[in-house]
Amino acid sequence: MVDTTTSTGSPGSRLLGLTTLVGLAGLILFAFVLTEPDVRLHPTTGEEFGQFDAVRLLYLHVPMAVLTYVAFLTCAVASAGYLLKRGVWWDVTAYASAEVGTVLCGLVLVTGSIWGRPVWNTWWEWGDVRLMTTLVLFLLFSGYLALRRTPAEPQRQARRAAIVALVAVLDIPLINRSVEWWENRTLHQQSTLAELKIEDLTLFTLMLGFVVFGLVFAWLMLHRFRVGWLEHAQAGHEVALAIAERHAEMETLDVDEAIGQTGGGK
Amino acid sequence: MSVVELRGAVALLGRFPALAGIDLSVEAGETVLIQGPNGAGKTTLLRLCAGLLRPTAGEVVVLGHDLTTERRAVRRRVALLGHSTGLYGDLTVAENISFWARAAGLSGADAESRASTAAGLMGLDKRLLSRTVNVLSAGQRRRTSIATLAVRRPELWLLDEPHAGLDQAGRNAVDSLISEAVGAGATVLVSSHELERVRSLSPRVVTVAAGMVVADSSSSASGTERDVGQGGGPGA
Amino acid sequence: MLVRGVGQVRELFTDAGLVATRDLRIEARSRVLLNQVAPFALLVLVLFGFALDADQRTLRTFAPGLFWVTVLLAALLAVQRSASIEHADDAHTGLRLSGMAAASVFLGKAAAVFIQLMVLEVLLTIGIVVLYGSEVDNPVLLVLTAVAAAVGVATTGTLYGALASGLGARDTLLPILLLPVLAPVLIGATRSFDDALGAAAVDGWAWLGLLAVFGLVATVLGALAHGAMIED
Amino acid sequence: MTHLGYLLAGWGITLVVFGLYGWAVVRRGRRMAGSVPEGERRWITSKGEDHGG
C-alpha cells in the first residue's frame with residue numbers, strides 16, 4: 001500500500017493480481033495432477049493412442065489463442081473508436097490491447113509449435129489454416145508495434161496506427177480464406193478438441209484455463225492501459241511545463257536585439 | 001469583419017509549444033508584418049492559420065471557420081508560402097503552375113490563363129517556363145512556387161519569408177504581388193526579416209516572441225514602438 | 001442533392017486523373033521505373049535461377065510464386081518512389097491546401113502505380129517465358145489475374161506508402177507493414193498463375209475471385225483511410 | 001508422464017514471458033508515475049471502473 005502513488009498498482013489491481021496468481025497455481029494443479037493424460041484404445045487392435053500428456057499443453061494454448069483474437073478485436077474496435085471520436089482513451093486502449101495481444105500471439109505460436117511436435121510429429125505445418133493465419137497476424141501486429149515505436153507527432157501516429165490495426169483485422173478473413181484454399185488440409189480440425197475424450201474434469205480444466213488466462217489478460221491490460229495513460233498524462237504535463245517555460249522565456253528575451261530593430265534587418 | 005481571430009491559441013510541434021497562447025486579430029484587407037527572432041513561432045503561426053495544425057487550446061477562427069473543427073473549409077481559400085517550394089522537380093515550371101491551378105479546382109482555359117498571368121507577375125519568361133524545376137536556381141524555384149499560389153487568387157495570403165533567396169527583381173515582384181492582392185481585397189500576413197521593405201507595404205507590425213505576441217503596432221499609439229511583455233500577454 | 005452528388009463524383013475522378021497524369025508524366029521524365037525498378041525485377045528473376053540450380057523444370061514449376069514475389073519486391077520500390085514524389089519538396093502540404101479530396105489524391109496515385117505495375121508484369125511475364133520456359137495455357141485468366149492483383153497491390157501500397165512516409169525510418173517500416181497485408185494477394189495470384197501457366201492443377205478462377213474481392217475492398221478502404229490519415 | 005520436456009518448455013516459456021512482460025510493464029509504470037503530478041493519475045480519481053482497463 002505504501003507505493004500506491006508511484007506505480008500502476010491499485011488495491012483493485014492488486015486483488016486481481018493475487019487472484020490471478022492463485023488461479024494460475026490452481027490451473028497448474030488441475031492441468032498436471034488432477035487430470036488424466038489423453039490415452040485412447042483403438043477399437044479393433046486395442047493399441048493405445050492419443051495425445052498422452054501433451055494434451056496438458058492445450059490447457060494454456062487454447063485459451064491464449066482465443067484471447068489473442070479477443071485482444072486484436074479489442075484493438076480494432078478501439079482503433080475505429082479513435083478514428084470516429086478522437087479520444088485519448090481509445091488510442092491508449094488500442095495500443096495496450098495490440099501489445100498484450102502480440103505477446104499472447106507469439107506465445108500461441110510457440111506453445112502450438114511445441115505441442116505440434118509430439119502430436120502432429122512436426123514443429124510447423126504449412127497447410128494449417130489457423131496456424132498460418134495466426135502467424136500472419138503476428139507479423140501484422142509486429143508491424144503495428146514497429147509503427148508505434150517510430151518517433152512521430154502523437155496524433156498523427158495514433159491515426160496511422162489506427163488505420164494499420166483496422167486493415168490488419170479486416171485482412172484476417174481474406175488470409176484465412178486464402179490459406180484454407182491454398183492447401184486443402186488442416187490438421188487442427190482433425191485432431192483437436194472434437195476428437196478428444198472430453199471428460200468432465202478435462203472440460204473443467206479447460207474452462208478454468210479460460211478463466212485464469214482471462215485474468216492474466218485483464219491484469220496485463222489494466223497495467224498496460226495505465227502505463228499508456230500515464231504516458232499521455234506525462235506528455236500533457238510536459239507541454240504545460242513547456243508553455244510556462246516559454247512565458248518565462250519572454251521575460252528575459254531581448255526582442256529588439258534579436259530582430260535587429262535599429263539596423264533595419266539584415 | 002475579421003479574417004483571422006486567435007485567442008489564447010496554443011499549437012504544438014510534437015510536445016513543444018511553438019505557440020504558447022497567442023492573441024491576434026486581423027481585419028479583411030489588412031497587410032500585417034509578423035516579425036520576431038528565430039524560433040519565435042512565426043512559421044507555426046502561419047501554418048496554424050492555414051489549417052495545417054490543430055490548435056490544442058484556445059480559439060482560432062479563420063475566414064469565419066473555427067479551425068478546431070473545420071480546418072478543411074479554409075484550406076482552399078488560403079495560400080501558404082512555406083520554406084519548401086512544394087514543386088515537382090521533374091516537371092517544367094509551366095506544368096507545375098498548371099497542375100496547381102487545376103488542383104485548386106480551375107478547369108481548362110481558365111487554369112491556363114490564370115497560370116500565364118501568375119507567371120508573368122513573378123517574372124517567369126517563356127524560356128524559363130519550359131525548363132524542369134530540377135535545373136532551376138533556388139530563387140527561380142521560389143518565384144515558381146509563389147506563382148503556383150497566385151493562380152488560386154486566395155482570400156488570405158500567408159507568406160513565410162517571401163523575400164528570402166530572391167534577387168532584387170524577385171523581391172520587387174513579391175511586393176507588387178502583395179499590393180495587387182491587397183488591392184483585390186485579400187488579406188496578407190507576411191513574416192519577414194526584411195523589415196524596412198515590408199514596412200513600406202504594411203502599416204501594421206506584430207512582434208512575436210516565445211510563441212506569443214509581444215507587441216502590436218496597431219494597438220499602441222505611436223504605431224512603431226512596442227512594449228515588450230505587454231502587447232499580447234499569455235492568453236492561455 | 002443528387003446533382004451535387006454527381007458533380008462531386010465527377011470532381012473526384014477529374015482530380016484523380018489529374019494526379020495520375022502528373023505521376024505518370026514524372027515517371028516518363030525521370031524513368032525511375034524503367035531504368036531502375038524493371039532491371040531490378042529482372043535481376044531478381046535471374047537470382048532465383050541461380051539459387052534454384054538452373055534446372056528449367058524446377059523453375060517452371062515455381063515460376064508463378066517467383067513471379068509474384070518479384071512483383072511484390074518491385075512494388076515496394078515503386079510505392080516508395082510514388083510516396084517520395086510528394087515528400088521530396090513537401091508537395092503534400094500543397095495538396096492538403098489545394099482543397100482536393102484526399103480520396104482523389106489516393107485514387108490518382110494508386111492508378112499511376114497500377115499502370116507502372118502492369119508494365120512491370122508484362123516485362124516479368126516475358127522474363128519467365130524466356131528464362132524459365134513457362135508456357136501460357138490460359139491467357140485470359142493470366143491477364144485478369146495480373147490486373148486484379150495489381151489493383152490490390154497498387155491500392156494497398158499507396159495507402160501504406162503514404163502512411164509510412166513522414167515518419168522516421170520509413171524505408172524500413174514500409175516492407176514490414178505492407179508485405180503481411182499482401183499475403184492473400186501473393187497466395188491468390190500465385191495459385192491463379194499456377195492454373196494459367198499450367199504449373200499445377202488448381203481452379204484459378206476461384207482465386208481470381210478472391211483477388212477481385214481484395215482489390216475492391218482495398219480500393220474503397222484505401223480511399224476512406226487515406227482521407228482519415230491526411231485530413232487533419 | 002510422457003512428453004515432459006515439451007510440457008515444461010511450453011508452460012515454462014509461457015509463464016516466464018508473462019512474468020517478464022508483466023514486470024516490464026509495471027516497471028515502466030513506476031518510472032512514468034513519478035513524473036506525473038498526482039492529480040493526473042487516472043486510477044486515483046476513478047475508483048471502481050478501472051477493471052475494464
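Here are some notes on the predicted model above, chain by chain.

1. Ground rules. Residues count from 1 along each chain as its sequence is written, while chains are lettered from A and ligands numbered from 1 in the order in which they are written. As this is a predicted model, local features need pLDDT of at least 70 and side-chain atom pairs count only at pLDDT 80 or more, but totals for chains, interfaces and linings use all residues.

2. Chain D on its own. Of the 53 residues in chain D, 30% are buried. Buried means that 20 or more other C-beta atoms lie within 10 Å of the residue's own, exposed means 12 or fewer, and partly exposed is in between, with C-beta atoms placed from the backbone.

3. Chain D against chain A. The contact draws 32 residues from chain D and 38 residues from chain A, where two residues touch if their C-beta atoms, placed from the backbone, lie within 7 Å. On the chain D side, α1 (4-34) and α2 (42-45) each supply at least two residues, and α1(D) gives the largest share, 19 residues. That side of chain D splits into 16 nonpolar, 10 polar and six charged residues. For the bookkeeping, Ala, Val, Leu, Ile, Met, Phe, Trp, Tyr, Cys and Pro count as nonpolar, Asp, Glu, Lys and Arg as charged, and the others, Gly among them, as polar.

4. A helix pair in chain A. The axes of α3 (residues 88-120) and α4 (residues 129-149) of chain A come within 9 Å and cross at roughly 145°. Axes are lines fitted to C-alpha atoms, for helices over the stretch in contact, and angles run from 0 to 180 degrees between N-to-C directions. The residues that meet include Gly101(A), Cys105(A) and Leu109(A) from α3(A), and Leu131(A), Phe138(A) and Arg148(A) from α4(A). By class, the contact of α3(A) with α4(A) holds 12 nonpolar, six polar and two charged residues.

5. The sheet in chain B. Six strands make an open, mixed sheet in the order β6-β7-β8-β3-β9-β10; strands pair if DSSP finds at least two bridges between them. β6 (78-81) and β10 of chain B are the edges, each pairing on one side only. From one strand to the next the twist averages 20°. Helix α7 (residues 168-183) of chain B lies across β3, β7 (156-160) and β8 (187-191), running at about 150° to β8(B).

6. Around β9(B). β3 (residues 31-35) and β9 (residues 204-209) of chain B run parallel, joined by four bridges. Leu33(B) has Val205(B) as its bridge partner, and Val32(B) stands opposite Arg204(B). With β10 (residues 212-216) of chain B, β9(B) pairs in the antiparallel sense, over four bridges. Those two strands form a hairpin with two residues between them, and Ala210(B) in the turn has a positive phi of about 50°.

7. Helix α5 (residues 102-132) of chain C has 31 residues and spans 42 Å from first C-alpha to last, close to the 45 Å expected at 1.5 Å a residue; the expected figure is 1.5 Å times one less than the number of residues. Gly133(C) follows α5(C), with a positive phi near 70°. Pro175(C) sits in helix α7 (residues 170-181) of chain C. Is Pro175(C) buried or partly exposed? Pro175(C) is partly exposed, because 17 other C-beta atoms lie within 10 Å.
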